[in-house]
Amino acid sequence: MSDIVNEAVVVLNEKLAGSDFNGTAKFDIEGEGTVMMDENGARAADEEADVTLSADAETFQSILEGDTNPTSAFMTGKLKIDGDMGMAMKLAAVLG
């Protein structure tokens, strides 16, 4: 597992703590690995999810650090979303 994925798990668990996110989402980080998120938090795993968000490591880190808005990243083609768009919007609210 890459350092980027491990770091993402820590940051995402902080962001998900206390949120009411109640679906499943997967971040697919190009060349690094995948992170699963659900009501229990984030973990390094590759499982079926309601929505899959794909981005390169640079875009993903920028979103996690709050420098890039997930919606803007999607609109500019840096973030790809496959699956439940409503779930993606819920996740964007948690990450924002």
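**Exercise 1. Work out which residues T59 touches once its neighbours within four places in sequence are set aside, and say where T59 sits.**

Solution. 
- Step 1: Take contact as heavy atoms within 4.5 Å. Leaving aside neighbours within four places in sequence, T59 is in contact with A73 and K78.
- Step 2: Place T59 in the fold. T59 belongs to helix α2; helices here are DSSP runs of H or I with at least four residues, strands are E runs with at least two, and both are numbered from the N terminus.
- Step 3: Check the burial. Buried means under 20% relative accessible area, exposed over 50%, and partly exposed in between, with a 1.4 Å probe and protein chains only. T59 has 8% relative accessibility, so T59 counts as buried.
- Step 4: Do likewise for S62. S62 is also found in helix α2, and at 15% relative accessibility S62 counts as buried. Not counting residues up to four places away in sequence, S62 touches D67 and T68.

Before going on, a word on what you're looking at. This is a predicted model, where local features need pLDDT of at least 70 and side-chain atom pairs count only at pLDDT 80 or more, while totals for chains, interfaces and linings use all residues. Residues are numbered from 1 along each chain as its sequence is written, and side-chain values use heavy atoms, with hydrogens and water left out.

**Exercise 2. Which residues of α1 are buried, and where do they lie around the helix axis?**

Solution. 
- Step 1: Get the helix's length. α1 has 14 residues and reaches 20 Å from its first C-alpha to its last, close to the 20 Å expected at 1.5 Å a residue (the expected span is 1.5 Å times one less than the number of residues).
- Step 2: List the buried residues of α1: I4, V5, A8, V9, L12 and L16.
- Step 3: Look down the axis. These residues cover an arc of only 140°, which puts them on the same side of α1; the arc is that of the directions from the helix axis to the C-beta atoms.
- Step 4: Recall the helix rule. An α-helix has 3.6 residues a turn, so residues three or four places apart point the same way.
- Step 5: Turn the helix over. On the other side of α1, D3 and E14 are exposed.
- Step 6: Find the cover. β1, β2, β3, α2 and α4 are among the elements that cover the buried residues of α1.
- Step 7: Look just past the helix. α1 is followed by G18, which has a positive phi near 80°.

**Exercise 3. Find which members of the largest nonpolar core touch the most other members, and which element supplies the largest share.**

Solution. 
- Step 1: Set the rule. A nonpolar core is a set of buried Ala, Val, Leu, Ile, Met, Phe, Trp, Tyr and Cys residues joined through side-chain atoms within 4.5 Å.
- Step 2: The largest core has 27 residues, and L12, F21, F27, V35, M37 and L91 touch the most other members.
- Step 3: Trace the suppliers. At least two residues each come from α1 (3-16), β1 (25-29), β2 (33-38), β4 (51-55), α2 (57-64) and α4 (85-95). The largest share, six residues, is from α1.
- Step 4: Zoom in on L91. Apart from its neighbours within four places in sequence, L91 is in contact with F21, A25, F27, M37 and L53.

**Exercise 4. How do β1 and β3 pair with β2?**

Solution. 
- Step 1: Start with β1. β1 and β2 pair in the antiparallel sense over five bridges; pairing needs at least two DSSP bridges between two strands. I29 stands opposite G33 in β2.
- Step 2: Follow the turn. The two strands form a hairpin with three residues between them, and G31 in the turn has a positive phi of about 75°.
- Step 3: Move to β3 (residues 41-44), which pairs with β2 in the antiparallel sense over four bridges. R43 in β3 is the bridge partner of M36, and the β2–β3 hairpin has two residues between its strands.
- Step 4: Check how covered β2 is. Five of its six residues are buried.

**Exercise 5. How many salt bridges does the structure hold, and which residues join into one network?**

Solution. 
- Step 1: Count them. There are three salt bridges, each a side-chain nitrogen of Lys or Arg within 4 Å of a carboxyl oxygen of Asp or Glu.
- Step 2: Take K26 and D46, whose side chains meet at 2.8 Å, N to O. K26 is in strand β1 and D46 in the loop between β3 and β4, 20 residues apart. K26 is buried at 13% relative accessible area, whereas D46 is exposed at 56%.
- Step 3: Turn to R43, partly exposed at 29% relative accessibility. R43 bridges to D38 at 3.1 Å between the closest N and O atoms, and to E47 at 2.8 Å.
- Step 4: Join them up. Through shared partners, D38, R43 and E47 form one network.
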